[in-house]
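Colleague: Could you walk me through one part of this model in close detail, starting with a hairpin and then moving on to what else you find worth a look?

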Amino acid sequence: MELRKDYFADVRKDGLNEIGQPRPRLDSPGHVTGKTAYFADRNFPGMLHLKMVRSPHHHARIRSIDTSEAEKHPGVVRVLTARDVPHNVYTILILIQIGPEDETVLADGKVRWKGEAVVAVLAETERAALEAAAKVRVDYEVLPAVFDMEEALKPGAPVVNEYHGQNYYLYDSGECRKVRFGDVEAGFAQADHILEQTYQSSPIEHAPTETTGCVVAPEGNDRFTCYTNTQAMFFTLDNASIILQMPGSKLHFVGGTVGGGFGGKVDVIVEPIAILAAKLTGRPVSFIYSREEEMQISSPRAAEKVVIKDGVMKDGRIVARKVIGYTDAGAYSRHSPYGAQKGAAHYPGPYTIPNVWIDTYCVYTNRTPSSAMRGFGVTIGDFALEVQMDKLARLIGMDPFEFRFINAYRDGDMKAHRQPTEGAALIECMQETSRAANWPVAEKYMAMSSYRKGA
Amino acid sequence: MAIRRGRGVAAINYPTGMNLGGDPTQALVHSTPTGNFMVTLSSVDLGQGMKQIMAQICAETIGVPTDRVVIDTADTDTGPHCMGTFASRGTHRAGNAVIQAAKEARQVMLEVAAEELEVNASDLETDGQGNILVKGAPQRSISIFDVALSAHFKRGRSISGRGMFLIPRSYPEKETGAMKPSTCYAHACTVAEVEVDDETGEVTVLNVKNVFEIGRALNPKMVEQQLVGGSWMGISHALYETTEPYYPNRDHGGTDFNQYLMPGPGDLAETEIIVLERPSADGPFGAKGPGEMCANPQIPAVANAVFDAVGVRIDTLPITPERILRALKAQAAG
């Protein structure tokens, strides 16, 4: 890695004692020698293992659940169903007033995605829990499912999630989050060329080294300590408090060192049910995702579909940009309404475009609920925007690098979500990349600055 | 049939932190009787090295070496509130909270030192090595060790501070979408060079040149670690990864690392990382969040390079050999 200190040297104070120093990480010796303790290194006498019975169907009504054979299985201590969960229907973002509550801790009457948790089995050993889980009999009436976002948005599509009533998240702005800036139709009318393209992604797994999980121990005084690898301690504590209808003072969360998260550990899935299990059995409980659960059950990055229509002038200026973004939330909201909204503010990209029109939809389908992942709401948008930029440059016969210089935002430029640009540095990043990659651009672009127009 | 070479460019920005939920973070700092400093947080270290960065931020602010700082994080009985580690907010939000708490603790420390040295606190400075000196008269000094002993056992002072980072929640305007979702932006530009085998559809990323602008590199080695890893993740997203290869068909998908494809050591591209620093106005020592944006520019850069190599656009991720071969076939037929 090379630090290029010549850029922005006039606005930076160097020569600090600790900041800017490549100090060795204080926890790395523990990591590389295998001595660092993670939550799953906690082992308590009498600890029970929790395994989930999961839906084999994408969408089905539950006619009945028979746990009698599972309960008789040697080593089984308790079997939990929706009836045991005090506040079974929840949503994570209710803490910041984003509702409605739309997801069940344990399925109640219906399953909406293949892999949804239906029954929790607690046993003395992992093996006994798995064997007993296989003995739970659930009678399903399979319902039509919808997997395609466009199909889901059509009238008459199967309703994925009745708590929403329709297959999209209803924002205060309506069926999508809108950004409106300038007059996009006037922009298209003046454009020399118009290019509309569609981009698509599919779900991606975080693939952390350490799978999601927690170990809960009763403290003996009506308090429960939850050792967890959540990325958000109080988010999880507060949601657990709501789901369990327990005062937060009864809950003690301990985390601190996590074996990779990338956004995959901000959902509140394992902790509430494990705490409930510890409360109902009076024993420590371990609930740890298998690698298969991590890959197929834990939230992936949402699949997204992005439709971009640009109006561009022969001289390289983009004069109008219309973006419709679709985020595949899967069956439940989790953090997806937030991600789709984040995308709305991001979609013009780091470019100054006078006329912008954006709609972002959070769509429900019968698949694993998606949620946060590194670059949440932005990563797929960047893919779409930057491939589109390449196509636009070639459309008007311009070097793709130079085309970006013409449109790059600089300090003071107004962005589509009506925030003036501050601290821009795109120009300088491109200048340095041009040099490093030996991809020369015209001298006038190398003379540009993010500080202000014309400088 | 041939191996064809191409290159592509992409440029991006990335919002540091999110402010559509009014996400706050708090920090507490206190000294032990021997002048070590404890930082108490409820932020989570995901392996990215947050504890180390918070230790350096606290050490710089108080004026002690980093190894005099201990980070106690993620225990809800002892730690103050943090919204969590996500949205590139760890360094920025928690870092700001630590600075505020450390400044308050430093002020108490200097007041105690001033009483011991019989000068005004404003006349004192730290040497970064664990001592407090009188400005202009460095022979008059006291160690922070002795200041802490004095505070605890003689003067009844708690060398401690409270820190908080909170900006008012932004509510998007319904009709225009006007909003302030984040406070500063990091930037990046990548050029990727690839080889595409037009017989098998396989893509090899030969090299990536990544330039990142991240405000400040608080610990350059750790920045490098995150930026190299992120660049790898971007390439992996572009060419390999998905839990649903035939999305929206749900029938396929990996259940372990044999089936969920990611590049191995033999597939690593030659990676060049260059870092620029334009300090953000509200970042701790100017830092923005490099954690997320570093995995983004490689994806379109690789996609554009594939087009440059073989003349087909793959607008669906991941860019698999199958998709490339189908596109080449369609191109030949058309």
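Modeller: Happy to! Two strands pair if DSSP finds at least two bridges between them; strands (E, at least two residues) and helices (H or I, at least four) are DSSP runs numbered from the N terminus. This is a predicted model, with local features needing pLDDT of at least 70 and side-chain atom pairs pLDDT 80 or more, while totals for chains, interfaces and linings use all residues. Residues count from 1 along each chain as written, chains are lettered from A and ligands numbered from 1 in written order, and side-chain values use heavy atoms, without hydrogens or water.

In chain B, strand 6 (residues 131-134) runs antiparallel to strand 7 (residues 137-143), joined by four bridges. B:Val134 has B:Ala137 of strand 7 as its bridge partner. Two residues separate these strands of chain B in a hairpin, and B:Gly136 in the turn has a positive phi of about 80°.

Between the chains, helix 10 of chain A (residues 379-395) packs against helix 5 of chain B (residues 298-310) at about 35°, the axes 8 Å apart (lines fitted to C-alpha atoms over the stretch in contact, with angles from 0 to 180 degrees between N-to-C directions). Among the residues that meet here are A:Phe383, A:Glu386 and A:Val387 from chain A, and B:Ile299, B:Ala303 and B:Phe307 from chain B; contact means heavy atoms within 4.5 Å.

Back in chain A, A:Thr91 sits in the loop between strand 5 (89-90) and strand 6 (103-104). A:Thr91 counts as buried because its relative accessibility is 3% (buried is under 20%, exposed over 50%, partly exposed in between, with a 1.4 Å probe and protein chains only). Leaving aside residues up to four places away in sequence, A:Thr91 touches several residues, including A:Ile98, A:Pro100, A:Asn239 and A:Arg334.
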